[in-house]
Amino acid sequence: MNDEQRSALNTFFVDTFNKILMLEEQTLARGSMEKLSVKERHIIEAVSLLQREGRNTMTEIAAKIGITVGALTTAMNVLVKKEYLRRERSEEDRRVVRIFLTEKGIRAEMHHRIFHENMISDVGEILDEESLENLIASLNKLTEFFSRQTEALKES
C-alpha cells in the first residue's frame, strides 16, 4: 500500500465515518422527537430488531450493539425514563427482563430507519451499477475483516 492509498483509507475510515455520524445526528435532531443521541437511537434500533425475533433481553441487546450489560442498563434507565422503552419481566422466568418499544419508541425507530433508507438510496443514486457492485463487494470484505477483529478481541 502506498502513501496515497493509506491516506485515502484513513480519510474514509476517520473523516467519512465522523461525517456520517454528524449528518445522522443533525438530521435526526431536526425531527419532532425529543433529542436522542445516536447511541440511544441505535439502542432503540437494536431493541426493535431483536423484539421482532423474540430475543429482546438485556444480554442480547448489549451483544447486538457491542456494549456491556452494565453500560446498557445505564442507557436503558434513561430511555425508560424518556418513555421510549419499557421493561417487562418474563412470565416463564422472572429473572429474564425483556425490553419493548413504546409508541414513542416505535416513532423514533421509524424516523431513524427512514434516515438510513434515504442515505442508502442517495448513495445508490450517485454510483453507476458497476461501481455499486464493486463497493458492495469491498464493503462485504471489510465487514468480514472487522467481524474477525472484534471476535479476536473478545477471545483475548
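What does the chain average in pLDDT, and what percentage of the residues score at least 70? I looked this up before anything else. The chain averages a pLDDT (the predictor's confidence in each residue, from 0 to 100) of 90, and 97% of the residues score at least 70.

I note that this is a predicted model, in which local features need pLDDT of at least 70 and side-chain atom pairs count only at pLDDT 80 or more, while totals for chains, interfaces and linings use all residues. Residues are numbered from 1 along each chain as its sequence is written, and side-chain values use heavy atoms, with hydrogens and water left out.

**Entry: layout.** I found six helices and two strands in the chain; these are DSSP runs numbered from the N terminus, helices being H or I of at least four residues and strands E of at least two. From the N terminus, I read the order as α-α-α-α-β-β-α-α. Confidence is lowest in helix α1 (residues 3–29), with a mean of 87, and highest in helix α4 (residues 69–81), at 95. The C-alpha trace spans about 55 × 45 × 25 Å along its principal axes.

**Entry: burial.** Of the 156 residues, 24% count as buried. I used these classes: buried is under 20% relative accessible area, exposed is over 50%, and partly exposed is in between (1.4 Å probe, protein chains only).

**Entry: salt bridges.** I searched the whole structure and got seven salt bridges, each a side-chain nitrogen of Lys or Arg within 4 Å of a carboxyl oxygen of Asp or Glu. One of them pairs lysine 82 with glutamate 40, at 3.3 Å from N to O. This pair links distant parts of the chain, 42 residues apart: lysine 82 is in the loop between α4 and β1 (85–89), and glutamate 40 is in helix α2 (residues 38–53). Glutamate 40 counts as buried because its relative accessibility is 12%.

I also looked at arginine 94 and glutamate 91, whose side chains meet in a salt bridge of 3.7 Å, N to O. Glutamate 91 has a relative accessible area of 66%, so it is exposed.

Glutamate 53 forms a salt bridge with arginine 55, with the closest N and O atoms 3.3 Å apart. Arginine 55 is partly exposed, because its relative accessible area is 36%. Salt bridges that share partners join Glu53, Arg55 and Glu60 into one network.

**Entry: helix α6.** Glutamate 129 lies in helix α6 (residues 129–155). I read its relative accessibility as 53%, so glutamate 129 counts as exposed.
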